Amino acid sequence: VCNFMSHEKCLKNIKIPCSCIAPSLVRVPVAHCFGPPGHYKRKFCTVCRKSLESPAFRCEVCELHVHTDCILFACSDCRQCHQDGHLDHDTYHHHWREGNLSSGARCEVCKKTCGSSEVLSGMRCEWCGILAHAACYVIVTPECTFGRLRNMILPPSCVQLFSRNFSKLHCFRISENLQTEPDEDDDVDGSTQGSAKDVQISTDSSKQMLKIFDGNDAVKRNQFRLISVPRIAKNEEVVEAALRAYYINDDQQEYELQTFTQQVLLSDDVINRNDAAEDSNLGSVFRESVPEAWIIRAKPKDEELIRIYPAWLKVGMAYVSLRVNKDSTAQTVIKEVLPLLGRQTECLQNFKLIEVLMGSKQVQRMVLDNQELILNRFKDIRKTSVRQMNQTRFYIVENSKSTVQVNLFVGGLPPQLSSEEYTNILKEELAIKTNVVSVSHVYQAQGAVVLQVSCFSEAERIYMLVKDTVINDKPLNAVVIPEVM
């Protein structure tokens, strides 16, 4: 699945999780901050572990390298640089990133060389910078003291950012105009890794090349992955290959392939299954006429086993498992989960269920309505993208009445004006709402102000509007400023 290679004698020492299960092991989901695509020599993709021969992405914060077509499968395991609302930590653990070390790197434990320019190997802490072999890093003390940089680093608990839908990109000055979704760029080649190798295989008359979409979203974006299978392959073998192409580690019996038809583009309903499911036991998926494109669909279930993560845990992966059926709502889930977490005496109204999509470029949170049917939610997510289900989590969260305060730096304004004049310009150009927006700092020489905004949606609106606003032929710019505690 992920092209991991090992000596037979070394298998027992493997500690690196496969790309298909890595998202489930993320402790605190934090999105990456990818700069513009570039060429990186002697570097390797952390998803498929192959070399980065074509333009690729690199996270500007944690140095994760990834192919443009692998970016959707990268874990949202970036370095946690700030406190998001109420989360805090007493201790800080090493943030390990695998591979792409210099060839002369030396292991902190055994003092032997642990870097390589030939393959993805070795580990580095992105906070303190210590290096270790994959077999050695597990015996390093988990707590990170930030190493030689400790006098220069503010620990994440000292930096607060009410981010909601603001990513690190909004806080760091990284070019956004090149931050287009990779699938928009890759529509032409279908975003398939190792495509040259696959095309060579396709010349074999015993093989068949198939385009695989993982849901309606992929169909709309024309974003598919190619698989090569024998012409005499059974349905279950093709389903297994399709799931592997999308790094999905589920039982292939729970999925089926639906023929890609034009009707799929016109309707969200499964209009035409083309007897692929009904005839799954009759032999090959290939009939007299072989469709070249298929969509992975999850078979309907009467119940699901879901994991609920308590958001109040400071660190750790603890969760409770719960079986839900067609009648289970967000409210009934909260009611069943609280006793399992030892909080059965508390009022249901003090809690909410949050769906978290752990995308590599943005972690999106959505509060579920109390009457939302959980199974229907699962069905909708899988219809949109089977891969997204693997990157979706559910958290139970305490309702908090914390005051929202977003600090927004706005530059590019005319210099040497008073606070009142700047406020009037912003009212006129950005239609700011003075009941939730105030000017907290003025930098007259630079023509810049800091706005204090007590409403997320207003802060997001201003930020997006600033990017498209020009005053005196000079474009404005905005940066979200974290608060130093």
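What is the volume of the largest pocket? In this predicted model, the largest pocket has a volume of about 1300 Å³. Its lining is made up of 43 residues, and those closest to the centre of the pocket are Leu25, Asp77, His94, His95 and Trp96. Among the contributors to this lining, strand S3, which covers residues 96-98, gives the most, with three residues. When the lining of the largest pocket is sorted by residue class, 26 of its residues are nonpolar, 10 are polar and seven are charged.

Just after H4, the backbone at tyrosine 247 takes a positive phi of about 55°.

The next part to consider is an open sheet of five strands, in which the order is S12-S11-S15-S13-S14 and the pairing is mixed. Strand S12 (320-325) and strand S14 (363-367) are the edge strands of this sheet, since each of them pairs on one side only. From one strand to the next, the twist averages 35°.

Within the sheet, strand S13 (residues 351-358) can be followed to its two partners. Towards strand S15 (residues 392-398), S13 runs antiparallel and is joined by seven bridges, and here isoleucine 354 stands opposite tyrosine 395 of S15. Towards S14, S13 again runs antiparallel, with five bridges joining the two strands, and glutamate 355 has methionine 366 in S14 as its bridge partner. S13 and S14 together form a hairpin, with four residues lying between the two strands.

Two helices can then be placed against these strands. Helix H6, formed by residues 330-340, lies across strand S11 (303-310) as well as S12, S13 and S15, and it runs at about 150° to S12. Helix H7, formed by residues 374-384, also packs on the sheet, where it touches S11, S12, S13, S14 and S15, and the direction of H7 makes about 95° with that of S11.

How values were computed
Residues numbered from 1 in each chain as written. Predicted model: local features only at pLDDT ≥ 70, side-chain atom pairs only at ≥ 80, totals over all residues. Heavy atoms only, no water. 1 Å grid on protein atoms, 1.4 Å probe; cavity = no way out; pocket = protein on both sides within 12 Å on 5 of 7 lines; lining within 4 Å. Points joined across faces, edges and corners; volume = space filled by probe spheres on them. Nonpolar A, V, L, I, M, F, W, Y, C, P; charged D, E, K, R; others polar. Pairing = 2+ DSSP bridges. Axes fitted to C-alpha atoms, helices over the stretch in contact; angles between N-to-C directions. Contact = heavy atoms within 4.5 Å.
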